[in-house]
Amino acid sequence: FSASNYLTGLYVLVSFILIVRFVVNLIRLTRKILINTKIRNGDTTIVLIPESTLPYSFFGYIFLNRADYEAGLIETELILHEEGHCKQYHSIDILIIELLNIVLWFNPAIWLFRKEILLNHEYSADSRVLNFTDSTDYQLILLNVLLRNNSSFLVSNFKYSSIRNRLAMMTKNNTRNNAILRKITGSIFFLM
């Protein structure tokens with residue numbers, strides 16, 4: 001056996017493990033959709049699951065903890081955020097990048113590319129929420145979710161670094177909007 005045979009074997013083994021993980025995750029999501037209670041919510045469907053989890057989405061389905069949903073403990077902004085993922089078809093991007101990851105797992109660029117795509121999805125969904133709510137209120141909700149989230153979920157994007165970057169992005173947008181508002185106000189004042 002040569003070094004190239006060992007490398008080929010390693011490549012096939014790791015790719016096989018990644019594809020099995022990918023298929024198992026798809027089966028788990030499909031099973032959750034089929035066996036749990038579903039509620040139509042406009043263009044999306046809420047799936048009420050018994051597991052204690054933060055909201056997450058896959059295509060047109062938003063997965064929420066049943067007890068929290070029935071008790072009214074899930075903030076509307078979090079549901080709007082997940083609707084943003086659904087309406088912007090982020091699941092397609094995730095499937096494509098996961099398939100690329102299976103084939104190109106050895107390339108560090110694919111991992112960085114995946115991370116940036118996921119972060120961009122979060123910015124995009126946050127932007128949709130900010131059309132309906134005040135940025136300060138939404139930032140407080142995100143911080144509250146971060147503080148109460150003690151575990152790491154595969155599909156959750158509520159991690160410290162992610163939240164920090166998202167809050168920074170919202171602040172940038174807010175600062176730019178405030179600058180524009182100040183210029184308009186100053187121009188109106190000047191014209192008077």
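A residue counts as buried when its relative accessible area is under 20%. Keep that cut-off in mind for this tour of a predicted model.

**Whole chain.** Show the protein as a cartoon. There are seven helices and four strands, and along the sequence they follow the pattern α-β-β-β-β-α-α-α-α-α-α. Of the 192 residues, 35% count as buried. Carbon and sulfur atoms hold 64% of the accessible surface, which comes to about 12100 Å².

**Helix H1.** Select residues 3-35, which form helix H1.

Now show side chains for Ser15, Leu18, Phe22, Leu29 and Ile33, the buried residues of H1. These buried residues pack against strands E1 (37-41), E2 (44-49), E3 (56-58) and E4 (61-65), and against helix H4 (90-104).

**Strand E4.** Select 61-65 next, the residues of E4. Is this strand mostly covered or mostly uncovered? E4 is mostly covered, with four of its five residues buried.

E2 and E4 pair in the parallel sense over five bridges. Look for Ile49, which stands opposite Asn65 in E4.

The pairing of E3 with E4 is antiparallel, over three bridges, and Tyr56 stands opposite Phe63 in E4.

**The turn.** Finish at the hairpin of E3 and E4, where two residues lie between the strands. Select Phe59, which takes a positive phi near 50 degrees in this hairpin.

Methods:
Residues numbered from 1 in each chain as written. Predicted model: local features only at pLDDT ≥ 70, side-chain atom pairs only at ≥ 80, totals over all residues. Heavy atoms only, no water. Buried < 20%, exposed > 50% of the residue type's maximum accessible area, 1.4 Å probe, protein only. Areas by Shrake-Rupley, 256 points an atom, 1.4 Å probe, with all protein chains shown as cover. Expected span 1.5 Å × (residues − 1). Contact = heavy atoms within 4.5 Å. Pairing = 2+ DSSP bridges.
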